[in-house]
Structures are given as structure tokens and as C-alpha cells.
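Biologist: Please take a close look at one part of this model, the charged side-chain pairs. I would also like to know what surrounds them in the rest of the chain.

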Amino acid sequence: MLDLIAHNLAPIMFITVMAMLLLGYPVAFTLAAGGMYFFVVGVELSHISPEIRLFWPLAQANMNRVFDIMRNDTLLAIPFFTFMGLLLERSRMAEDLLDTVGQLFGTMRGGLAFAVVVVGALLAATTGVVAASVIAMGLISLPIMMRYNYHPGLAAGTIAASGTLAQIIPPSLVLIVMADQLGRSVGDMYVGAFFPALIVVGMYCAYILAITILKPEWAPALPPEARPLGDGGPSLYLILGIAVLLFVGCYYLVFDDLRYETRVVWSALVATILPYAFALLNRSMSLGYLSKMAEQVVIVLIPPLALIFLVLGTIFLGIATPTEGGAMGATGALAMALMKRRLDLKTLLQALDSTAKLATFVMFILIGARVFALTFYGISGDIWVEELMLALPGGENGFLITVSIIVFILGCFLDFFEIAFIMVPLLAPVAEKLGIDLIWFGVLLGFNLQASFLTPPFGFALFYLRSVAPIKAWYDKTTDRMVEPISTRAIYTGTLPFIVIQVIMLGLLIAFPGLVTHYKTPPVIMDQSDIDQEINNIGGGGFGLPGSGLSLPGAPNLGGPPDLGTSDEAATDGAIPAPGGLPAPGGGSGLPNFD
């Protein structure tokens, strides 16, 4: 019996710890306790199985592993981005965005649904927190969508799916943790996830467009009385055109002597500050040059867009690391809240308190995961997982499909932090052995987790939306009628089309890895003839090599036999030149004088 346990200790440990997690025990303490318990068991059984490589002094390594976590600069980005998102949420940025973008798209069918997707993407790029995005849009947009007769399933599904975009759109916390656990650059992970995230946003919009064509009564346009800002008019297009011209003009004419990334930053700065300042001047002095809609769009949209560029633009351009970008984003969020006069001591303390709680939560889980990993690797658990995964049929595709299914199922029960800290370190070596790009693998897992957040009946986004959606009929003063509540069934059925979109996107990522791996810089390949031509252009065959014109005066001629001087000099002095053709100092043989 002991032999059986000793030779199968790795699967026993893994199944036991996962079962405890699924039963709801605290993650950090379950991982740490499981690691310590099986460490003791492993040491006692180490004489039975050679696969167990545990001994008592190894337990001291846990202290070093904990200090390694504290020295990890990458993880500093988590509290920075969390603080930025919470501060923006509490300064009611989501409310302003939904109101403005909703009225901007309100004239078309499905305008509110389009606005929710666009604002969801903007909130994802500024907050990076799923709960904050879903709850904010559920509180603000869902009552308005129900007021104007949107289909309950479409309204609920759009809000839940748009809120989960925070999982995959940089600066997502999921991508930060994935990059850290995979040992890859957070900047590369952001660049790799950017295009697939935009494709998903486009697919959401395409689905809503199809609904407006096939079922127009499900997504009506807003009536004129619901759009007090009116239409944008020519002034909106004019100021957008001026912003584009400012960027192009500054990039090619004003800052043309600067480096590429510096030109982009300064050009974008001018192209946003000048229209923003003009809109503020137009409002404060009642100039009337801009329509109400154009004025509101510029004043509301430019600050969050500038913040997104400050964070992501500097990271993508290589100006800042993700940690530095997070620090700038937190500073920018503070500045925005101060500008809008929505920052008080209570709001600041709430944001700091929530940030400290989340950062502590992540640190404790990571410490528990390190204790678990030390024991699991010591009982050859990594070899067990590797052999299990490599034995799957289908090679690389079989591995990716199986991992996607496992992570999808686990994502319905466990938070992404737990999956990232437990599963990813075990799967990454197998992926690397199969030749899978780890950035591609991390992005694939991120999209997988996004889909699991939407999946009934356990998707986290569904619980967030259920907590704020009305459960009883309510009286709406604007339309003077009773509005039906949102049922749990409507939330579940409304998310199903978006889950199908996610599955399609996962298939596209597996079939076309280039959607992610474009982050790689292509190698520079030069033909040998080009190299020879370049050498000839600079003076021949090299420094002192045959055919070279680069020999220095008085230097040894390495391209041929030593120059022994002219016959006249040799006859006159009778001296043997020093090596390299230089005359011996003071005459003589040029050899050392030992007299």
C-alpha cells in the first residue's frame, strides 16, 4: 500500500488540493497547508520511491522563495493598475462615458448596446477590473436599456460580455500575472493580446448589428427626448479632423528631428490638449463654436483616451515598463479625479483600502502557490504532468484543445489568480517543450478565462450582474410605466451568443497564431553578397586584411609579408627593421639589448 502511495504521490497531492479548493476552502491557506502536509509525507516515503526528492533541509528554501516574490518588480503593476481603476470608478468616469457615448450612438438602432461595448472596451483599458466594469455598466446602462424596451437577454448579455473585456484588453491584471508566471515580458504580452482583443470587440459589434437587422424590435433607437445633447453636427467632425491634422502635422513637420517614439508621444499630446482646451474654453465662455454633443464628446472622451495612451502607448513604444506605466496611470487617474473635483478623502481612502486588500490577496495566494510548488516538484509532479500532457493525441493542437477545456472548466469555479498560480507553472514547460510560443499560450489562456467568466451557471460576471440587476418590477418616472425585472434565465440565455463568439475567437487563435506572435521583431537577414559589397564600400576587405585600405600609418601590415624597408636604408644603416617595418630606435637590430 505504501509503495502504491509513494509512486502515485503527485496525482494524489494534486487531486486532494484541487478538491479542497473546489469545496471552497481559502486558496492561500489550502495551497500552503497542502504543500507542507505532503512535504512531510514525501520525506517519510522518500526511501521507498526514487521519484521523491524531498529531505528536511529543503524546507528552508521556502523562505528564499517568499523573498523572491517580494523582490519581483513586475508584480508592482498589480496595485498600480488596481488603484487606477478603482479611483476612476469612484470618480464616476463610467457614468460620464456611458451617458455621452450612449447619446452619440443613440440615433441608430442598437445604439445603447454599441455604446456599452465601446465603453466596456474603454473601461477595460483604464480599469482592468471585471467586477468594476460589470457593476458600473449594470447600474447605469441596464435601467436605461430596459426603459427603452431593449430585449432583456440582449441587454444583460451585452453588459456581462463587455465587462469581461477587462480580462484581455491591456492593462489587464490577468495578462500581468500570466506574463509573470510564464517568465515573459509583460509588454510583449500586452502587444500580443491587443489585436485579438480588438477583433473580439469588433465581433461583439457585428453580433449587435446582426440583431438590429434581424430583430430590430430588440434594440430600438433612442427617442429624441432621451438625447438632450442633440446631434454632433458638423462641428464634431470638424474638431476630430483638426485633431488628426494636428497629429500628422506635428509628427512630420514639427517633431520630425526626434526619435520615432518621442515624435508619437509629443504629436499625440498636442493633438489632444489643443482640442480639449478649445472645448473647455468654448463651454466656459459660451462661444458657441461647438455643438453641445461635440463639446461633451471632447471633454468626456479625451481624458480617458489620453490616460490609455499614457499607460499603453508608453509601454508599446518601449518608453516605460509596465510597472512604470502603471505608476503613471495611477498618477493620471488622481489628476483626472482632481480636475473633475470628484476626489475627496473618503474616495481616496476607499480606493487605497481596496487596492491594499487585493494586493495582499494576490501575495498570499502566490506565497501559498510557492509552498505547494516546492513540494509538488520535489515529488516529480512536473514530470507526471509533462508525461500526461505529452501523451495526448494530436500533438500541439491536442495539447492546446485539452488545456483550453480544462482551464475553461476550472475558470467556472476558481478565480483567475488561482488558476494562474497553480496551473500555468505546470503547463508552461510542456508548452515550451512542444515548441509553443509562451506569449501566444498566455493570451490563449486569457481568452479562455474570459469565456469561463461568462459561462452559466457559475460565471463570475453573471453573479456580478445579478447582484445589481433589478429582481422586481420597478416604476420608471421618465416613461411613467412599470418596467419588468431581469430574470436569471434572461442573463444566462443572453450570454450564450457571446460565449459562441469567444469559442470562435479561441479557434482563430489556435489556427492563426500570427494574430499574437506579431509582437516578435523579425530577424534581419542579409545576403553574403550584400555584406561583401558593404565591406568594399568602406575600403576593402577589412582592418588590415588582404585588400583592405584601412591600415593605419606605421601599423603592422597584417595583409602580407613584413616590410623590410628599402634596400638603400638597409645598405646605409645595416640595421634590421623592427617588426611592422618601423626602424629600430637608435639603430641596431631592433632586438632587445641585454648588455
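**Charged pairs and their setting**

Modeller: Glutamate 432 counts as partly exposed, at 47% relative accessibility; the term covers values between buried, under 20% relative accessible area, and exposed, over 50%, with a 1.4 Å probe and protein chains only. This is a predicted model, in which local features need pLDDT of at least 70 and side-chain atom pairs count only at pLDDT 80 or more, while totals for chains, interfaces and linings use all residues. Residues are numbered from 1 along each chain as its sequence is written, and side-chain values use heavy atoms, leaving out hydrogens and water.

The partner of glutamate 432 is arginine 184, and the closest N and O atoms of this salt bridge are 3.2 Å apart. Arginine 184 sits in the loop between helix 10 (173–182) and helix 11 (186–214), and glutamate 432 in helix 19 (residues 416–433), so the pair ties together parts 248 residues apart in sequence. A salt bridge here is a side-chain nitrogen of Lys or Arg within 4 Å of a carboxyl oxygen of Asp or Glu; helices (H or I, at least four residues) and strands (E, at least two) are DSSP runs numbered from the N terminus. Arginine 184 is partly exposed too, with a relative accessible area of 35%. By the salt-bridge rule the count comes to six.

Another of these pairs joins arginine 283 to glutamate 295, with the closest N and O atoms 3.0 Å apart. Arginine 283 belongs to helix 13 (residues 260–284) and glutamate 295 to helix 14 (residues 292–316), so this pair ties together parts that are twelve residues apart in sequence. Its two ends fall in separate classes: arginine 283 is partly exposed at 40% relative accessible area, whereas glutamate 295 is buried at 11%.

A further pair stays inside one helix. Lysine 357 and aspartate 353 form a salt bridge whose closest N and O atoms are 3.4 Å apart. Both lie in helix 16 (residues 345–378), four residues apart, about one turn of the helix. Lysine 357 is exposed, with a relative accessible area of 55%, and aspartate 353 is partly exposed at 39%.

Now for the surroundings. The protein chain has 25 helices and two strands, and buried residues make up 47% of its 595 residues. Phenylalanine 376 is among the residues that touch the most other members of the largest nonpolar core, which has 167 residues; such a core is a set of buried Ala, Val, Leu, Ile, Met, Phe, Trp, Tyr and Cys residues joined through side-chain atoms within 4.5 Å. Leaving aside neighbours within four places in sequence, phenylalanine 376 is in contact (heavy atoms within 4.5 Å) with residues including Ala10, Met13, Trp384 and Leu426. Among contacts between residues at least 6 apart in sequence, 74% join residues at least 24 apart.

Serine 133 is also buried, at 1% relative accessible area, and its place is in helix 8 (residues 130–147). Serine 133 and glycine 85 are 48 residues apart in sequence and 9.3 Å apart in space, C-alpha to C-alpha.
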